[in-house]
Amino acid sequence: MTILEAARALRAREVSSVELTSASLDRIEKQNPTLNAFLTVLAETAHTAARRADQELARGIDRGPLHGIPVAVKDVFSTKGVRTTCGSALFADHVPGHDAAVVEKLAAAGAVLTGKTGLHELAYGITSNNPHFGTIRNPWDLERIPGGSSGGSGAAVAAGLVPMAMGTDTGGSIRIPASFCGVVGLKPTFGRVSRYGVMPLDFTLDHMGPLTRTVRDAAAVLNELAGYDSRDETSSQRPIENYLPEQGCAIADVRVGLPENFYFDRLDPEVDAAVRSLAARAESLGARVVPVRVPDIAALNLVGRVILLSEASALLEPFRERRDRFGPDVLLLLDQGRLLPATDYVNAQRLRRMMQRDFNGVWRHADCLITPTTPATAPRIGELTSNIAGQEEDVRLAATRLVRGVNVLGLPAVALPCGLDRRGLPIGAQIIGRAFDEALILRVAAALEDAISRC
Amino acid sequence: MKNWKQLAQASGLETSEPDLDRIAAVLEDMEAKLQPLVARIPHDVEPPLIFKPEAQ
């Protein structure tokens, strides 16, 4: 059941929050030993919250569509009195004294927190093959990765353990698991959702957003989470709006940009075909699909890597002597970041400013872009390279190739499933919009999702 | 061209020779791609990192 379906059923008294939560916890108990999607399950507090939600709804207190809905958060969101590991041995016993802003807002919206999902160590990688807490598996094929770093959230939603799990995205960490697990992943504009209380990987690239089964569910969650927070210095004071697309929403007024360069280079042919087919579907719905040339995204990705390597290594510098507490892939990245000169970091930030100006030109021709999310479907666990369109490519660099640049620019993007490959694995498309134009990309994504579901 | 392995050793990085090779290869590649971009930055472009003295 989706969030919005469950919300309707709760208000029609067809189901209770206690029933929804018990069913969710039962599924977690049965499937988590295989998937390893959850690091911590909060059965007792979830039952208490569910009973409270039922009582409130019975008394006419309605906190909105998340009221009484079982959810989960990635284990980088601080939870007061509940272990928050960040998927790291360094924080294996860390118990915060406060909730993250996102956790506060979910609680205020009446959501029922069932637990905390696993992730790639320190949210610094895309496999979610965690050396300290075990391998997270993709529900579509247990021998494949769910993507990352929000791999537990992707797996949990795809397996139907919860209808929504929060993720974070520094270089694609919401959208990559959404693509590999066949669910929706929303990365809002930088500053739209508060970072307060989230264990950071990076100061200027981290974003918070939901993974859900439908686009409208993601929009409903954003409605609850968006807004200014004085505790996060990068939080935006721009007014929020209603992000939930109407049923039967139209996109005839939208110019959908289909990139002529970069985004369709070196793709698995089935991914290429599925995303182009989605663009054709947008056209059949009346949208004007326009070819656009995008600025140098490879350079944008490089700038993103320099910034991330530098900021993540600076952040974790206090732990540099505790090398045995890091997994080998994360350690390698931290060592790389420590060696980068400060001049490279500052110049990467200056290039970021220039590229932001360049990219703004795209919006003269299109209102959003449609691209693949990942160039291929989920790789096998343990694979270090993937052969994509006849070329061997590092799995991490391949998975982040089409998503990292959006983090550098801080733009909103939503990933949605758009088909299956020959192995039955999900293919993901990405819709990128102007800063703070989440409403438009969600409308386009919802219209496309509606059209796909009608087929 | 920087000698990344010597830089790593000088900075006290304790890691295996194969890892050192991997680190050096990545950084060399990144530096080679970054420098032509840096050469094109106009002098008046500032990084988007603003210090606000009134902020807490």
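**Notebook: a look around chains A and B**

**Entry 1. A buried aspartate and its partner**

I started with D367(A), which is buried, as its relative accessible area is 11%. Here buried means under 20% relative accessible area, exposed means over 50%, and partly exposed lies in between (1.4 Å probe, protein chains only). A note to myself before going on: this is a predicted model, in which local features need pLDDT of at least 70, side-chain atom pairs count only at pLDDT 80 or more, and totals for chains, interfaces and linings use all residues. Residues are numbered from 1 along each chain as its sequence is written, chains are lettered from A and ligands numbered from 1 in the order in which they are written, and side-chain values use heavy atoms, with hydrogens and water left out.

Which residue forms a salt bridge with D367(A)? I found R255(A), with the closest N and O atoms 3.1 Å apart. For the term, I take a side-chain nitrogen of Lys or Arg within 4 Å of a carboxyl oxygen of Asp or Glu. D367(A) sits in the loop between α11 and β11 (368–372) of chain A, and R255(A) in strand β9 (residues 255–259) of chain A, so this pair ties together parts that are 112 residues apart in sequence. Helices (H or I, at least four residues) and strands (E, at least two) are DSSP runs, numbered from the N terminus.

I then asked how many salt bridges the structure holds over all chains. The count is 29. One of them joins the side chains of R175(A) and D169(A), at 2.9 Å from N to O. R175(A) counts as buried at 0% relative accessibility, and D169(A) is buried with a relative accessible area of 0%. I also noted R401(A) with E393(A), whose side chains meet at 2.8 Å, N to O; both of these residues are buried. Next I found a network: E317(A), R320(A), R323(A), D335(A) and R338(A) are joined into one by salt bridges that share partners.

**Entry 2. Aromatic pairs**

A search of the whole structure gave me three aromatic pairs over all chains. The rule covers rings of Phe, Tyr and Trp (its six-membered ring) with centres within 6.5 Å; planes under 30 degrees apart count as stacked, over 60 as edge-to-face and the rest as tilted.

I looked at F91(A) and F319(A): their ring centres are 5.7 Å apart and their planes stand at 85 degrees, so the pair is edge-to-face. F91(A) lies in the loop between β2 (70–74) and α4 (101–108) of chain A, and F319(A) in the loop between α9 and α10 of chain A, so the pair ties together parts that are 228 residues apart in sequence. Both F91(A) and F319(A) are buried.

F359(A) and W363(A) are another edge-to-face pair, 5.8 Å centre to centre with 65 degrees between the planes. F359(A) counts as buried at 4% relative accessibility, and W363(A) is buried at a relative accessible area of 7%.

P372(A) lies in strand β11 of chain A and is buried, with a relative accessible area of 0%. What does P372(A) touch, leaving aside its neighbours within four places in sequence? I listed its contacts (heavy atoms within 4.5 Å); among them are Y263(A), F264(A), L267(A), L402(A) and Q430(A). P372(A) and L267(A) are 105 residues apart in sequence but 8.7 Å apart in space, C-alpha to C-alpha.

N138(A) is in the loop between β5 (134–135) and α5 (151–158) of chain A. Is N138(A) buried or exposed? It is buried, with a relative accessible area of 0%. A polar atom of its side chain lies 2.9 Å from the backbone nitrogen of W140(A). Leaving aside neighbours within four places in sequence, the contacts of N138(A) include L35(A), F180(A), C181(A) and A378(A).

**Entry 3. Where chain A meets chain B**

Last, I turned to the contact between the chains, which takes 26 residues from chain A and 31 residues from chain B. The area buried between chain A and chain B is about 2,500 Å², and carbon and sulfur atoms give 71% of it. Buried area is the accessible area (1.4 Å probe) that two parts lose on being put together, summed over both. I counted zero salt bridges between chain A and chain B. Of the chain A side that touches chain B, α9 (297–315), α10 (328–339) and α11 (342–360) each supply at least two residues. The largest share, eleven residues, comes from α11(A).

Conventions:
Polar contact = N/O pair within 3.5 Å; in protein donor to acceptor, adjacent residues only side chain to side chain.
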